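Hi everyone, thanks for coming.

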Amino acid sequence: MNRTKAESETKFLDFDGETDDDLLEIMTWRETDPEAARAAWATFYKRHLPFLLTACRKYAQGLLRDGAGEDLAADTMLRVWDRGAATYRRCETTDPETARLRVRAWLSRIAHNIAVNRLRCRTLQEIDLTDFEWSRITEPAERVPSEVSDRLRAAMETALTDRERQVLRVVAMYADPRQPGRHLPEDALSDLERGLGTTRENIRQIKTRALSKLKAAVGDEAVGPEK
Amino acid sequence: MKREKESHGDCNERLEKLVSAAMHAIGWLLPQSVDEVRAIEEAMEADPPTIPQWLADPYELLKSNRRGEGADHRLGDVRDPGIEENLSRAARDGKQISPEVAEKMRKDREVAEGKASE
């Protein structure tokens, strides 16, 4: 860190040059140096809000009520202030670009966890990420041939009914296909029944029907077992 | 037979992975990895977000003491057009929708959805 705690006790706190890791560390000084902690959070906020807002708005669009994406972005930033900074695991990489992306993945993972809990009408108390969630941050994304990806995206946007799309999206939020034992837990299914105002059997049917439509759109070859 | 079932399971697994990746690419799922963050950043560059007034000043937000209270994270309404029609008709007639009628409409929708999946 370029700045000591004593140095930050100046009238004008300018943390623009600090790394995200350092800002998050300064935020943990909230008891001993609240002014510096607040200034560090404000710098972090301004740096990442546009990204978080974009991600949360895209996520909420067509799924939640108007304005929910902005609420989620605000709640995520406040959660970082309340509890998040202390749970952040410092980055081991020396590449500033990777570090920057990693912090944003951590932020949106918190937003995801808040969103899932809200859908289940629960308040997220702890925001510690699990080891699996941390490892997932640096894992390369699933490589999808562009023609398959284009067909799939078009089918998701046009071939599915609103309800099929909603069920598929909510189920996908709960179940990461890369996570072992990814089946929906019983209590999550009960929450979905309430949230979607339908039965679990019907949720399964809607999901199966939606996946069949998507499979038809991309063709059997694209969804054959990975080689 | 067992082999066939396993192969079907593999296909479903592959399909769900593809669907998940496509959802991340569209932005329907919040990014959870550096690659997915990059995809959102590309979208952000193409269409920079407007920051609403109430989010513009971090200190004001912190002072507001807002902690998710009042935030509406319920799912948006996705209704069957037939149900919409019934609701509109009832509204036009100035009638209240009783819980029994609402329940019947819900069941009708499920039957319709069940038939569509057959």
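Is A:Val148 buried, partly exposed or exposed, and why? A:Val148 counts as partly exposed because 18 C-beta neighbours lie inside 10 Å; buried would take 20 or more other C-beta atoms within 10 Å of its own, exposed 12 or fewer, and partly exposed is in between, with C-beta atoms placed from the backbone.

A quick word on the ground rules. This is a predicted model, where local features need pLDDT of at least 70 and side-chain atom pairs count only at pLDDT 80 or more, while totals for chains, interfaces and linings use all residues. Residues are numbered from 1 along each chain as its sequence is written, and chains are lettered from A and ligands numbered from 1 in the order in which they are written.

Back to our valine. A:Val148 sits in helix α6 of chain A, residues 146-158; helices here are DSSP runs of H or I, at least four residues, numbered from the N terminus. Leaving aside residues up to four places away in sequence, A:Val148 touches A:Val218, A:Ala222 and B:Leu18, a contact being C-beta atoms, placed from the backbone, within 7 Å. A:Gly219 is 71 residues away in sequence, yet its C-alpha is 8.7 Å from that of A:Val148.

Finally, the domains: an automatic or database assignment divides chain A into domain 1 (20-137) and domain 2 (146-220).

Definitions and conventions
Helices (H or I, at least four residues) and strands (E, at least two) are DSSP runs, numbered from the N terminus. Two residues are in contact if their C-beta atoms, placed from the backbone, lie within 7 Å.
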